[in-house]
Amino acid sequence: MCPRSKEQNELIRLQRREQILDAAARAYFRTGGSFDIRDVAREAELGYGTVYHYYPNRHLLIEDVLGSGFERCEQALTEWASSGSPDDRQLLTYCKALLRLWQSDARAYLVYKMAAEHYVGLPDKDRRPAKRRFMERLYVPLQSISECEDDSVDHLLAVLVGCCGLYYYAGTSELDADRIAKLAMQAITKES
C-alpha cells in the first residue's frame, strides 16, 4: 500500500472540512442553533476528535459556516446581476434561484435566516461584521438592482426565508420554488 501524496491529503482535508461545515449548518436547524461540537460530529458521522481537530470551538465553526455561506450567496447575486438588466421577471427568476440554492445549501440559507434574526446567535464581536457584510454585499445590491423602494426587499426576503424555513424545520420534502417566488413577488408589488 502506497502512502498518500501531499495533494491527496490536502484533498481529503478539504472534503472533511466541507463535510463538517455542512453538518454544522444542518445541526443548527435541528437544535435551534444551540448545537455543540458533539452534535456536529454526530451529524457528520465523524468522531468528536476529528471535528475538534478542525474546529476546537463552536464559534470558529459558525464563523466558517457563515463565511462560506456568504461566499455562495454573494456569487449567486453577482451571477444574477450580471445576467442583464433586471426587471420583475428576472427578479422572479432570482427568487427561484435563491430558493434552490438554499434548498441545496444550508449554509447559504443560514446567512439569510440569521440576518432575519439580526445575527443574535453570534458573539458581539462577530455580530456587527456579519450584519455589515449582509447589508453591503447582499441586501443593498439586491435593493438597488431590483429598484425596490421602501421596505419591499424586507417583505420579499421575509417570504423567502419563512417558506424555506418550513423546509428545514418541518422537514418538508421539496420546496415549491415557483409558487414561493410568486408569493414573494406579490409581497413587493402589493398584488393580491
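Arg26 and Glu43 form a salt bridge in which the closest N and O atoms are 2.9 Å apart, a salt bridge being a side-chain nitrogen of Lys or Arg within 4 Å of a carboxyl oxygen of Asp or Glu. This pair links distant parts of the chain, with Arg26 in helix H1 (residues 6–31) and Glu43 in helix H2 (residues 37–44), 17 residues apart; helices (H or I, at least four residues) are DSSP runs, numbered from the N terminus. The model is predicted, so local features need pLDDT of at least 70 and side-chain atom pairs count only at pLDDT 80 or more, while totals for chains, interfaces and linings use all residues. Residues are numbered from 1 along each chain as its sequence is written, and side-chain values use heavy atoms, with hydrogens and water left out.

**Salt bridges**
- The structure holds 17 salt bridges.
- Asp105 pairs with Arg72 in a salt bridge whose closest N and O atoms are 2.5 Å apart.
- Asp105 lies in the loop between helix H5 (88–104) and helix H6 (106–116) and Arg72 in helix H4 (residues 58–81), so the pair ties together parts that are 33 residues apart in sequence.
- A salt bridge also joins the side chains of Lys125 and Asp126 (2.9 Å, N to O).
- Shared partners join Arg17, Glu18, Asp22, Asp64, Arg72, Asp105 and Arg107 into one network of salt bridges.

**Accessibility of the partners**
- Buried means under 20% relative accessible area, exposed over 50%, and partly exposed in between (1.4 Å probe, protein chains only).
- Arg26 is partly exposed at 37%, and Glu43 is partly exposed at 24%.
- Asp105 is buried at 6%, whereas Arg72 is partly exposed at 27%.
- Asp126 is buried at 17%, whereas Lys125 is exposed at 61%.

Terms used. Helices (H or I, at least four residues) and strands (E, at least two) are DSSP runs, numbered from the N terminus.
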